[in-house]
There are 2 protein chains.
Amino acid sequence: MSTTTAEQRRRMAKSEYDAYLSTCPSRQLLATLSDKWIVLALTALETQPLRYSELRRKIAGVSQKMLTQTLRALERDGLVERSVKISVPISVTYSMTPLGHSLLRVVAQLKSWAEDNIEEVRAAQNTFDARPPQGKL
Amino acid sequence: MSTTTAEQRRRMAKSEYDAYLSTCPSRQLLATLSDKWIVLALTALETQPLRYSELRRKIAGVSQKMLTQTLRALERDGLVERSVKISVPISVTYSMTPLGHSLLRVVAQLKSWAEDNIEEVRAAQNTFDARPPQGKL
DNA sequence: CAGGATCCGATCGGATACTG
DNA sequence: CAGTATCCGATCGGATCCTG
């Protein structure tokens with residue numbers, strides 16, 4: 001029998017999984033999470049639960065297909081909860097789970113970083129694009 | 001004509017850019033950054049500069065095409081610096097820029113989160129996949 | 001060693017049409 | 001309202017061959 005607590009096991013997690021390894025399950029999870037729709041959907045639910053139609057309006061330009069697909073993936077991974085309210089018309093609300101909230105703290109930073117540093121990145125891109133082909137530094 | 005300084009514009013950045021808007025430049029940047037190879041390449045350079053071949057070994061399973069493509073994108077965005085050492089054979093070293101390091105603090109968390117929470121996510125996936133089709137809650 | 005170039009199957013993702 | 005289903009062009013990304 002094991003005497004380790006869940007907390008102890010959580011602290012050891014770092015040594016067991018390594019996303020640098022192509023066969024490690026964490027690599028696949030990282031691939032799933034590294035998606036702009038995942039980031040936007042999670043951050044959209046940061047402050048309050050939202051309905052499907054509200055999410056679609058908040059995340060401008062997302063197609064119905066991608067929004068549904070993203071929300072299903074998030075639900076399957078235990079990151080958001082889907083609640084169906086039987087009424088006329090039907091109402092479906094999405095909210096963050098505790099697990100999702102822990103990930104939210106990370107992806108929200110990614111979104112903010114993009115918004116805060118886009119100008120500096122663009123400047124770098126312009127410099128890069130303006131240099132002669134095969135530029136010998 | 002505008003009288004705002006670059007610094008003033010930078011302080012207003014949060015209110016000027018919004019990744020929720022499909023036409024906002026930060027949306028495209030977020031899409032670029034939301035990539036598993038970007039995350040792995042950046043984190044691989046966290047502690048020290050690495051050569052191309054070293055990166056390829058560290059990031060298991062990455063193809064030559066994707067690694068080159070990823071490094072070019074990171075270089076273009078001003079996140080990593082590429083240094084060519086003329087010798088026989090030639091040596092190319094990649095290192096983090098200050099801008100890249102600020103992003104690293106975020107993406108490293110994403111990688112760690114995947115490694116630390118993969119078990120909980122898998123448990124959620126199993127629960128989700130085991131429920132009957134069209135499960136009426 | 002550090003790529004560039006090409007081929008090509010697999011997946012992504014938008015548009016459209018339909019449903020309870 | 002909240003999806004499902006399908007078509008299909010665009011892009012992704014691995015494999016392979018070639019180069020300074």
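The model is predicted: local features need pLDDT of at least 70, side-chain atom pairs count only at pLDDT 80 or more, and totals for chains, interfaces and linings use all residues. Residues are numbered from 1 along each chain as its sequence is written, chains are lettered from A and ligands numbered from 1 in the order in which they are written, and side-chain values use heavy atoms, with hydrogens and water left out.

View 1. Three strands of chain A pair antiparallel in the order β1-β3-β2. Strands are DSSP runs of E with at least two residues and helices are runs of H or I with at least four, numbered from the N terminus; two strands pair if DSSP finds at least two bridges between them. The edge strands, each pairing on one side only, are β1 (50-51) and β2 (80-85) of chain A. Helix α5(A) packs on the sheet and touches β2 and β3 of chain A, where contact means heavy atoms within 4.5 Å. The direction of α5(A) makes about 110° with that of β2(A); axes are lines fitted to C-alpha atoms, for helices over the stretch in contact, and angles run from 0 to 180 degrees between N-to-C directions. Six bridges join the antiparallel strands β2(A) and β3(A). A:Val84 has A:Val92 as its bridge partner in β3(A), and A:Arg82 has A:Tyr94.

**View 2. The open sheet of chain B.** In chain B, three strands form an open sheet in the order β1-β3-β2, with antiparallel pairing. Here β1 (50-51) and β2 of chain B are the edge strands, each with pairing on one side only. Helix α6(B) packs on this sheet and touches β2 and β3 of chain B, its direction making about 110° with that of β2(B). Two bridges join β1(B) to β3(B), and these strands run antiparallel.

View 3. Most peptide bonds are trans. The bond joining A:Val88 and A:Pro89 is cis, with omega about 0°. A:Pro89 is found in the loop between β2 and β3 of chain A, and these two strands form a hairpin with five residues between them. In chain B, the peptide bond from B:Val88 to B:Pro89 is cis, with omega near 0°. B:Pro89 has its place in the loop between β2 (80-85) and β3 of chain B.

**View 4. Protein surface near DNA strand D.** Around DNA strand D there are 19 residues, and the closest are A:Ser53, A:Gln64, A:Arg82, A:Tyr94 and B:Lys65; a residue is near a strand if one of its heavy atoms lies within 4 Å of it. Sugar or phosphate accounts for 58% of the atoms of DNA strand D within 4 Å of the protein, and bases for the rest. Phosphate oxygens of DNA strand D lie 2.7 Å from a side-chain N or O atom of A:Ser53, 2.7 Å from one of A:Arg82 and 2.8 Å from one of B:Ser63. At least two residues each come from α4 (52-58), α5 (64-76) and β3 (91-96) of chain A and from α6 (64-76) of chain B. The largest share, four residues, comes from α5(A).

**View 5. Protein surface near DNA strand C.** There are 17 residues around DNA strand C, of which A:Ser63, A:Lys65, B:Ser53, B:Arg82 and B:Tyr94 come nearest. Of the atoms of DNA strand C within 4 Å of the protein, 64% belong to sugar or phosphate and the rest to bases. A polar side-chain atom of B:Arg51 is 3.0 Å from a phosphate oxygen, and a side-chain N or O atom of B:Arg72 is 3.0 Å from a phosphate oxygen. For B:Val92, a backbone N or O atom lies 3.5 Å from a phosphate oxygen of DNA strand C. Helix α6(B) gives the most to this surface, with four residues.

**View 6. Contact between chain A and chain B.** The contact takes 56 residues from chain A and 56 residues from chain B. The two chains bury about 5,500 Å² between them, 65% of it on carbon and sulfur atoms; buried area is the accessible area (1.4 Å probe) that two parts lose on being put together, summed over both. A:Tyr20, A:Arg76 and A:Trp113 supply 16% of the area that chain A buries against chain B, more than any other three residues.

Methods: A polar contact is a pair of N or O atoms within 3.5 Å; within protein, one must be able to donate a hydrogen and the other to accept it, and residues adjacent in sequence count only if both atoms are side-chain atoms.
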